[in-house]
Amino acid sequence: MAGTVEDSGKTAPSSPAGLRGADLGLRVLLFAVSLSGLVVLVTAKQTEMVPLVLTPPFRFGPVPAQFKDSPALIYLLVALCMTSLYSLVTAASSVKSMSSSASCAKGIFVLILLDVVYAGIMASATGTAGAVAWVGLKGNSHTRWNKICNIYDKFCRHIGSATCLGLIASILLVLLVVLNAYSLYRRSR
């Protein structure tokens, strides 16, 4: 970050208000992304007519595909719910600290720890959902798992979009860790 020049020729660190504003902005963006991913995931439902009996005479019937049929997608749902709530609470906390004189180093350290925990949860949930989405898209010939995205195209687009939004939420949490670690480092100088 750019510094300002003082009379002695040294550079002073950027204002803490700028870091607090960036923290608040990232937390609001995290809330928007995780809530969007949550909505996209919950609306991932599609019913198609598929063969129920694979030998002649073929019988077709409606078979639904829903996110709740996969434990990995339920895990992503829970992680997105937790991250949405966490980002909302910490954004409110960030607004409160902006109005006060200065936030304490202990509070910033706790935020770093919590951001790391939530980044880990979101990254693991995104990875598991991504693996399931990949099998749905490509299948696995070795285990004879057929691809389903050629049948349930809308469902797969929703799952892929929710997984992508989960990845963005993970990246935002890592950026929050870096920002708060830098803020804590600046306080120690």
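1. Y118 sits in helix 3 and pairs up with Y86 from helix 2, 32 residues away in the chain, so the pair links distant parts of the chain. The two rings are stacked, with 4.1 Å from centre to centre and 10 degrees between their planes. The aromatic pair count for the model is one. Y86 is buried as well, with a relative accessibility of 7%.

2. How far can you trust the model? Average pLDDT for the chain is 88, and 88% of the residues reach at least 70. The exception to watch is residues 1-15, where pLDDT stays under 50. For that stretch the model has 15 contacts beyond four places in sequence. Where pLDDT is low, the predicted coordinates should not be read in detail.

3. Next, the largest nonpolar core, which has 34 residues. The members touching the most others are L41, L76, M122, F155, I159 and L173. Four helices each give at least two residues to this core: helix 1 (16-42), helix 2 (71-99), helix 3 (105-138) and helix 4 (153-188). Helix 4 makes the largest contribution, with 10 residues. As background, nonpolar side chains tend to be buried together in soluble globular proteins.

4. Not counting residues up to four places away in sequence, L173 touches L30, T83, Y86, D115, Y118, A119 and M122. Both tyrosines of the stacked pair, Y86 and Y118, are on that list.

5. Beyond its neighbours within four places in sequence, R27 is in contact with Y86, S87, T90, A91, L111, D115, L176 and N180. D115 is itself among the buried residues of helix 3.

6. Finally, helix 3 as a whole. Its 34 residues should span 50 Å at 1.5 Å a residue, and the end C-alpha atoms are 48 Å apart, which agrees. Its buried residues include I108, L111, I112, A125, T126, A129 and G136.

How values were computed
Residues numbered from 1 in each chain as written. Predicted model: local features only at pLDDT ≥ 70, side-chain atom pairs only at ≥ 80, totals over all residues. Heavy atoms only, no water. pLDDT = per-residue confidence, 0-100. Contact = heavy atoms within 4.5 Å. Core = buried A, V, L, I, M, F, W, Y, C linked by side-chain atoms within 4.5 Å. Buried < 20%, exposed > 50% of the residue type's maximum accessible area, 1.4 Å probe, protein only. Expected span 1.5 Å × (residues − 1). Phe/Tyr/Trp six-rings, centres within 6.5 Å; stacked < 30°, edge-to-face > 60°.
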